[in-house]
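Hi everyone, thanks for coming along. Let me put the chain up on the screen, and then we'll walk through it together.

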Amino acid sequence: MKKFWERLSKREKGMAFLACSIFFLVLGHYFVVEPYSARREWVKSQLEIQTNLLERQNRYLKRRTQIEGDLRRLKTKLETLKSSLLGGDTPPVSASALQETVRKIAAKEGVQIVSTRVLSPKPVGSFLTISVQLEVSGEVGQLVNLIRGIESNAKLLVVSEVNIRSLASRVNRRRRPILRSRGSLRTTLVISGFARSRMATDAKSGV
């Protein structure tokens, strides 16, 4: 090998050196540069992935705090709604509870209940509407206070219909109506409350 190298001219030795250099450069590129570049790109992609995951986790944590707050508020509203529903396991019992509540308000305002009729319950969404029709007698101010007391009650009650008739005595020649001091108005009211959804299911199934 030594004798072979000595027989080569300077030009041939230069060409051989250049060829070896190129060979080692190619080997270095394939075994050093390319693996390093591939490793660098992999590390870069992993950093981007981890950064995106971190941002997603941060957004999730922020969203989670908001969701937990919304759930707490919904639970509070749900508990408030439950307390405002009529009690009782069946529509008739709930109707009795509704009548008793209205009776107490009427007694407080000095309004006389002339007659009461329980209307058929109606499903509304996930609730059951319990309604009663009352005919009451009282003065204007008393009736206004009665309606205000019903709709401001702790139970969720609604006065859905109001029909007022005047009980007047016609006197003198001009026949002008003079309202009596008490019980001068006869009013028909439809008052509705709401019961739990399972009661609505029982009503639909005929239980």
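Before anything else, a word on burial: I call a residue buried when its relative accessible area is under 20%, exposed when it is over 50%, and partly exposed in between, using a 1.4 Å probe and protein chains only. By that rule, 21% of the 207 residues in the chain are buried.

Please keep in mind that this is a predicted model, where local features need pLDDT of at least 70 and side-chain atom pairs count only at pLDDT 80 or more, while totals for chains, interfaces and linings use all residues. Residues are numbered from 1 along each chain as its sequence is written, and side-chain values use heavy atoms, with hydrogens and water left out.

Now the layout. The chain has five helices and seven strands, where helices (H or I, at least four residues) and strands (E, at least two) are DSSP runs numbered from the N terminus. Following the sequence, the order is α-α-α-β-β-β-α-β-β-β-β-α. As for surface, the chain exposes about 15400 Å², with 58% of that supplied by carbon and sulfur atoms; these areas come from the Shrake-Rupley method with a 1.4 Å probe, and for residues, only the protein chains shown count as cover.

S84 belongs to helix α2, residues 10-84. With 10% relative accessibility, S84 counts as buried. Setting aside neighbours within four places in sequence, S84 touches A154, K155 and L156.

Next, helix α3. Its 19 residues, 91-109, reach 27 Å from first C-alpha to last, close to the expected 27 Å, and that expected span is 1.5 Å times one less than the number of residues. Which residues of α3 are buried? They are P91, S94, A95, L98, T101, V102, I105 and A106. These residues sit on the same side of α3, because they cover an arc of only 135° around the axis, judged by the directions from the helix axis to the C-beta atoms. On the other side of α3, P92, K104, A107 and K108 are exposed. Just after the helix, G110 takes a positive phi of about 75°.

Last stop: S126, in the loop between β2 (122-124) and β3 (127-138). At 44% relative accessibility, S126 is partly exposed.

Technical notes
Contact = heavy atoms within 4.5 Å.
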